[in-house]
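Hello,

Here is the structure you will be taking over. My notes on it follow below.

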Amino acid sequence: MNLLTRIHIAIHDRRWRRTLRKTFAQLKSVGRNVHFCPGYHITAPGNVSIGDHVWAGDGLLIRGEGGVSIGSGTIMSRHVEIWTTNHNYDSEDLTCIPYDRRMIAKPVHIGENVWVGTHVLFVPGVTVGEGAVIGMGAVVTKDVPPLAVVGGNPAKVIKYRNKETYEKLKAQG
């Protein structure tokens, strides 16, 4: 690699780290060693909390109006979408159809050490338990238990991870 290429990479890396610092300064809280790849979009960043050692692939979308918390050690692949609001379409005081202008906000909580595959969608109000694995293309419409491996649309439990192995590895750090 020639000197000019190394300089170009260093300049780009510095600019990217500056962009991330600006974004992280707007979040409710952010831990150490957090990295988002390019192409992310976060609305209402003041409602988003992120733990330590979190990595997110390109194309991450976080609609934070209802509140989002992402636990430490979580890894999210490309094009993950976290939604915390939905249109009001089913209430006694509905003003028009198919839905009115009001939005219903519900928080999304993603536990520690969760692995999220590519193109996963989280709907408002779900909680993902610690150590869960969310398979590629899943649509998470209900809470996911700790250590569950889920997939599909809607996401369903396929199996559970070995609890003893998980606890042993977690204790090792």
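A residue counts as buried under 20% relative accessible area, as exposed over 50%, and as partly exposed in between. Glu-167 has a relative accessible area of 39%, so this residue is partly exposed. Please keep in mind that the model is predicted.

Glu-167 sits in helix 2, which covers residues 163–172. Between Glu-167 and Ile-11 there are 156 residues in sequence, and their C-alpha atoms lie 41 Å apart in space.

Five strands form an open sheet in the order 1-4-7-12-15, and the pairing is parallel. Strand 1 (29–30) and strand 15 (127–128) are the edge strands, each pairing on one side only. Strand 15 runs parallel to strand 12 (residues 108–110), and two bridges join them. Ile-110 has Val-128 in strand 15 as its bridge partner.

Then the core. The largest nonpolar core has 34 residues, and those touching the most other members are Phe-36, Ile-70, Met-76, Ile-82, Phe-122 and Ile-134. Two or more residues of this core come from each of helix 1 (3–26), strand 4 (48–50), strand 7 (68–70), strand 12 and strand 18 (148–151). Helix 1 gives the largest share, three residues. In soluble globular proteins, nonpolar side chains tend to be buried together.

What is Ile-134 in contact with, leaving aside its neighbours within four places in sequence? The contacts are Val-114, Trp-115, Val-116, Gly-117, Val-120, Phe-122, Val-128, Val-140, Val-144 and Val-150. Among them, Val-128 is also the bridge partner of Ile-110.

Regards

Methods:
Residues are numbered from 1 along each chain as its sequence is written. This is a predicted model: local features need pLDDT of at least 70, side-chain atom pairs count only at pLDDT 80 or more; totals for chains, interfaces and linings use all residues. Side-chain values use heavy atoms; hydrogens and water are left out. Helices (H or I, at least four residues) and strands (E, at least two) are DSSP runs, numbered from the N terminus. Buried means under 20% relative accessible area, exposed over 50%, partly exposed in between (1.4 Å probe, protein chains only). Two strands pair if DSSP finds at least two bridges between them. A nonpolar core is a set of buried Ala, Val, Leu, Ile, Met, Phe, Trp, Tyr and Cys residues joined through side-chain atoms within 4.5 Å. Contact means heavy atoms within 4.5 Å.
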